[in-house]
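Subject: Structure handover

Hello,

Here is the structure I promised. Please load it before you read on; my notes follow below.

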Amino acid sequence: MRTAFGVETVRAAERELMARLPEGALMQRAAAGLAAACAELLGKVYGSRVVLLVGSGDNGGDALYAGARLARRGAGVAVVLLAPERTHAGGLRALRAAGGRVSAAPERDIAGARLVLDGIVGIGGRGGLRPEAARLAGLAAASGAFVVAVDLPSGVEADTGEVRGPAVRADATVTFGAYKPGLLVDPAQERTGAVRLIDIGLDLPATADLEALQYADVAALLPVPGAGSDKYRRGVVGIAAGSARYPGAAVLAVAGALRGGAGAVRYVGPAADAVIDRYPETLVHAGPPSKAGRVQAWVVGPGLGDDAERVRDVLAADVPVLVDADGLRLADRATVRARTAPTLLTPHAGEAAALLGVDRAEVEAARLASVRRLAEAYGATVLLKGSTTLVAAPGGRPVRVNPTGTSWLATAGSGDVLSGLAGSLLAAGLSPVDAASAAAFLHGLAARLAARGAPVGAQDVAEGVRGAWREVVAG
Ligand SMILES: NC(=O)C1=CN([C@@H]2O[C@H](COP(=O)(O)OP(=O)(O)OC[C@H]3O[C@@H](n4cnc5c(N)ncnc54)[C@H](O)[C@@H]3O)[C@@H](O)[C@H]2O)[C@@H](O)CC1
Ligand SMILES: [K+]
C-alpha cells in the first residue's frame with residue numbers, strides 16, 4: 001500500500017523526530033537524498049550546470065544543502081534567491097563554502113542549466129506562486145533543463161492536490177518522509193513528474209489520509225473460487241441497466257460484470273435481447289428487479305433513461321447497490337441515506353457536480369474535497385471517476401486513489417464496464433471501498449493493456465480485464 005499524509009501529520013512526526021536528533025540532522029537527511037537523486041538524474045555531476053530556485057523557508061534550505069553537495073562533486077551551482085533577506089542562512093553558507101554562487105543573471109543561468117531545483121516553497125506554501133517565482137518557473141520550463149521539485153512542485157496544495165494559481169511543472173519530485181496527498185491527486189499530480197520518496201525516519205500514524213492500492217493489495221482482495229464453490233456461492237450480481245434507446249450500456253455493464261468474479265450475472269430490463277445475443281451466459285428477466293430472483297448485489301443506472309421506478313425498486317433491496325449514470329440522477333438522497341445495506345455511487349465529475357449543486361470545474365479542481373463531501377451527503381461510498389479516480393467512504397479515512405488510470409479510458413461506455421465490474425466484486429463479497437478500488441485498479445490496467453498506446457473502445461477494456469486480473473495475481 002502506498003500511503004500519503006497531510007501537512008499537519010507530517011509536521012507532527014517531524015517535530016517528534018527532531019526532538020531526538022541533533023539540530024539540522026533531519027534537513028541533512030533530506031538534502032542527502034535529494035542530492036543523490038539529482039546526481040542520478042544528471043549522470044555526470046562534474047561540470048554540470050545546476051540552478052537552485054530558493055524561497056524563504058526550509059524548502060529552500062533543502063535545495064541549498066543539496067546544491068552544496070552537488071557543488072562539492074564538481075557541479076557549477078548558482079542560486080537564485082527569491083527572498084534574499086530571509087534565505088536559510090546555514091544552507092547559503094554551506095553552498096558558498098562548497099563553491100556555489102548567488103546568481104547575478106538568473107535568466108542566463110537558467111537558460112544554460114541542465115538541472116533546476118525548485119526550492120521555492122514546500123509544505124509551508126499557501127496559494128499559487130508569486131509573480132517573480134512564477135516568472136522564474138516559466139524560464140525553467142522553457143530552458144529545457146530537467147526540473148526537480150523539492151518535496152512538492154511549488155504552488156500546488158500539499159493536502160488537497162488543488163492548484164489555485166501559477167505552479168511549477170516538474171519532471172521529477174523528490175519528497176521527504178511521506179507522500180503528500182497532493183502528489184497523488186490531480187490537478188497537482190499532473191505537475192509532479194516521477195515522484196521519489198526519501199525516507200528520513202519519520203514515525204507516521206497507522207491510518208493515512210490517502211492510500212493507493214498496489215498489485216499485492218489488489219491480489220489479496222480478488223475473489224478466488226474454492227473447491228466448494230458453486231455459481232450461487234460465488235455471488236450473483238444483478239444488472240438493472242439499458243433502455244430501448246441505450247441497449248449498449250446494458251451489454252457493456254454485463255461485459256464488466258462477467259469479468260468481476262461473481263458466479264452469475266442476472267440482467268433485468270428492456271435490453272435483454274441485445275445482452276443475450278452477446279453474452280448467452282447471462283440470466284435475463286423482463287419484470288421488475290424485485291421479482292428477478294436472489295442476487296448478492298445490484299448495479300443500477302447505466303443507460304437507464306428515465307426509469308425511476310427501476311431505481312426505486314433496486315434501492316429497496318437489502319443487498320449492496322451500486323448506482324451509476326442515469327441512476328445517480330434518479331436516486332433520491334433520503335432513500336439512499338436510509339438504506340441499511342451499503343450503497344456505492346460512481347459519478348464522473350459532471351455527475352458529482354450535479355449531485356453537489358456546483359459546477360463541474362469546481363469538482364475537477366477539488367476532487368478530494370468533492371468526493372468526501374458527496375460521501376457524507378449520501379451516507380454512501382463514492383467512487384469519483386476521472387483523471388485521478390478517488391474512493392471515499394462516509395466518515396472514513398483514508399480516501400483511496402487509483403494508481404492505474406490512463407487517459408485512454410476517456411471513451412464512451414468505459415464507465416458502464418466499470419460499474420459492472422465493481423458490482424460483480426460487491427456480489428463476490430468485497431466491501432464497497434474494496435470493490436470500488438479493486439475495480440478501478442483492474443479497469444485502468446485493462447485499458448492500458450488493451451490500448452498499448454493506441455485508442456481503445458469500452459469492449460476492448462472489458463476484454464482487457466482478464467489480462468489485468470492475471471497480471472495482478474502474478475504480481
Ligand atoms: N521540518 C522539517 O524537519 C523538515 C523540513 N523539510 C523541508 O522544509 C519544508 C517546509 O519548510 P517551511 O515550513 O519553512 O516552509 P516552506 O519552505 O515550504 O515555505 C514557507 C515560506 O514560504 C513563504 N510562502 C508561503 N507561500 C508562498 C507562496 N505561494 N509564494 C512564495 N512564498 C510563500 C512563507 O511566507 C514562508 O516564509 C518542507 O517542504 C521540506 O522541504 C525537510 O528539510 C525535512 C525536514
Ligand atoms: K518545492
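First, a definition: helices here are DSSP runs of H or I with at least four residues, numbered from the N terminus. Keep in mind that this is a predicted model.

Ligand site

Which helix gives the largest share of the shell around ligand 1? H3 does, with four residues. H3 spans 58-72. In total, 26 residues surround ligand 1. The closest are Gly57, Asp58, Asn59, Gly122 and Gly124. By class, the shell divides into eleven nonpolar, nine polar and six charged residues.

Domains

The protein chain is divided into domain 1 (2-211) and domain 2 (215-474). Their C-alpha centres lie 40 Å apart. The contact between them takes 14 residues from domain 1 and twelve from domain 2. On the domain 1 side, the touching residues split into six nonpolar, four polar and four charged.

There is also a record to compare. An unreviewed UniProt entry carries the annotation "domain: YjeF C-terminal" for residues 214-472. That span is 46% helix and 13% strand. Its end C-alpha atoms lie 9 Å apart.

Nonpolar core

The largest nonpolar core has 167 residues. Leu52, Leu117, Ile239, Val254 and Leu442 touch the most other members. H17 gives the largest share of this core, 13 residues. Where does the core lie relative to the domains? Domain 1 (2-211) and domain 2 (215-474) both give residues to it, so the core lies between them.

Leu52 is worth a click. Setting aside residues up to four places away in sequence, Leu52 touches Ala63, Leu64, Gly67, Val77, Val79, Val80, Leu117 and Gly119. One of these, Leu117, is also on the list of core residues that touch the most other members.

A residue in H17

Leu445 sits in helix H17, which covers residues 432-451. Is Leu445 buried or exposed? The cut-off for buried is 20 or more other C-beta atoms within 10 Å. Leu445 has 25 within that distance, so Leu445 is buried. Beyond its neighbours within four places in sequence, Leu445 is in contact with Thr404, Ala468 and Glu471. Gly287 is another matter: Leu445 and Gly287 are 158 residues apart in sequence and 36 Å apart in space, C-alpha to C-alpha.

Over to you.

Best wishes

Conventions: Residues are numbered from 1 along each chain as its sequence is written. Chains are lettered from A and ligands numbered from 1 in the order in which they are written. This is a predicted model: local features need pLDDT of at least 70, side-chain atom pairs count only at pLDDT 80 or more; totals for chains, interfaces and linings use all residues. Domain bounds come from an automatic or database domain assignment. Two residues are in contact if their C-beta atoms, placed from the backbone, lie within 7 Å. Ala, Val, Leu, Ile, Met, Phe, Trp, Tyr, Cys and Pro count as nonpolar, Asp, Glu, Lys and Arg as charged, and the others, Gly among them, as polar. UniProt positions are given in the numbering used here, feature names are shortened, and annotations may be inferred rather than shown by experiment. Helices (H or I, at least four residues) and strands (E, at least two) are DSSP runs, numbered from the N terminus. A residue is buried if 20 or more other C-beta atoms lie within 10 Å of its own, exposed if 12 or fewer, and partly exposed in between; C-beta atoms are placed from the backbone. A nonpolar core is a set of buried Ala, Val, Leu, Ile, Met, Phe, Trp, Tyr and Cys residues joined through C-beta atoms within 7 Å. A residue is near a molecule or strand if its C-beta atom, placed from the backbone, lies within 6 Å of it.
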